[in-house]
Amino acid sequence: MHFQKAKLIHVEIPLIAPFKTSYGELKSKDFYIIELMNADGIYGYGELEAFPLPDYTEETLETAIKIIKQHLLPLITQKEIHFPEEVHGIFNWIQGNEMAKSAVELAVWDAFAKSEKSSLARMIGANKDFISVGVSIGLQNNPNDLLQLVEQYVQAGYQRVKLKVAPNHDIQYIKAVREKFPKLSLMADANSAYNREDFLLLKELDQFDLEMIEQPFGTKDFVDHAWLQSQLKTRICLDENIRSLGDVRQAHLLGSCQAINLKLARVGGMCEALRIAEYCAENKLLVWCGGMLEAGIGRAHNIALAARSEFEFPGDISASNRYFHEDIVSPDFVLDKGRLRVPTDNGIGVTLNSDVLKKYTKSTEEMLLNIGWS
Ligand code: OSB
Ligand code: MG
């Protein structure tokens with residue numbers, strides 16, 4: 001496949017409610033859509049999920065878009081691409097920059113699925129028609145506000161609830177939710193807000209029958225996580241630590257966790273994500289699909305991945321209306337008995353909604369590949 005044209009569309013959609021974590025607060029989803037066109041006029045779409053600030057990982061929207069323009073897009077035009085799996089190898093000499101790589105790689109996957117007249121899900125060997133989904137709730141100002149939100153999402157049918165936690169925003173909140181919802185599939189995500197000195201606090205969290213505690217310690221730490229896992233009966237899940245299959249192997253062999261939050265954007269795209277999912281299944285590590293507050297393009301990619309058989313635990317892949325008043329794709333994703341339907345149309349199975357897109361587009365750049373920027 002020869003790619004001839006790329007378009008970078010900078011979009012910002014307001015979130016229905018601010019999303020607060022131990023890193024800070026997000027009020028909108030600020031992102032880029034990467035549109036590729038090949039010589040047959042087939043389009044492929046990817047979404048750049050890097051955040052404005054280098055807090056969750058070191059990439060930012062600014063650094064990632066620069067890497068995409070200067071290095072990644074020129075690379076995919078230098079030779080014919082026969083399979084989407086080739087892209088990961090072509091990008092391999094570039095260190096890090098997983099979110100930039102993922103945005104471009106996933107656009108290539110979409111284009112290949114469309115040219116083979118297959119849905120992306122079927123193309124990657126995913127057979128589910130529906131996926132079970134959960135919801136991730138940001139830090140709240142008091143336990144009552146949190147209880148109201150949990151109630152609302154449980155009523156809507158979400159099959160699992162994740163609560164963000166941070167020092168002074170933990171025991172009291174988790175306890176309140178657990179008391180009101182004794183049977184709810186519940187978990188906590190700390191976004192690396194704790195360290196070894198907080199052990200007694202984390203030990204206290206062990207009593208609430210949580211599915212797992214996600215990323216309690218630093219984003220590069222495997223050793224203290226292994227020590228903590230040996231002290232707790234609750235599973236530890238790693239998120240920020242996991243940038244490649246190598247990281248998953250290290251975590252597994254050291255005993256740093258029993259579960260992996262797998263995000264396409266954080267591991268550089270589909271090729272690495274599939275390797276990780278297979279490794280987890282072979283090694284009895286629980287693997288599930290995480291989220292980055294994706295808009296419609298990124299959400300569609302996540303759903304294709306989560307439709308594979310390795311993903312039994314409900315992902316952080318909520319319906320469009322959990323995040324936005326209106327999404328940039330049609331159709332948007334609607335909750336159906338706590339599940340989302342896996343699109344069956346070709347490629348990612350959704351199309352850009354040009355009216356909505358126009359409303360939230362900040363800028364557009366077009367690049368004729370091999371020729372330059374216009
Ligand atoms: O830690 O999983 C996380 C959102 C942005 C950055 C990091 C995380 C999250 C979420 C939201 O938890 C998941 C989602 O609903 O997209
Ligand atoms: Mg997380």
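In which strand is aspartate 189 found? Aspartate 189 belongs to strand 7, residues 186-189; helices (H or I, at least four residues) and strands (E, at least two) are DSSP runs numbered from the N terminus. The model is a predicted one, in which local features need pLDDT of at least 70 and side-chain atom pairs count only at pLDDT 80 or more, while totals for chains, interfaces and linings use all residues. Residues are numbered from 1 along each chain as its sequence is written, chains are lettered from A and ligands numbered from 1 in the order in which they are written, and side-chain values use heavy atoms, with hydrogens and water left out.

Aspartate 189 has 0% relative accessibility and therefore counts as buried (under 20% relative accessible area; exposed is over 50%, partly exposed in between; 1.4 Å probe, protein chains only). Its contacts (heavy atoms within 4.5 Å), leaving aside neighbours within four places in sequence, include Lys164, Glu214 and Asp239.

The unreviewed UniProt entry annotates Asp189, Glu214 and Asp239 as "binding site". Although these residues are spread over 51 residues of sequence, they cluster in space, with a largest C-alpha distance of 9.1 Å. UniProt positions are given in the numbering used here, feature names are shortened, and annotations may be inferred rather than shown by experiment.

Aspartate 239 lies in the loop between strand 9 (236-238) and helix 9 (245-254). Aspartate 239 is buried because its relative accessible area is 1%. Beyond four places in sequence, the residues in contact with aspartate 239 include Tyr56, Asp189, Glu214 and Arg266.
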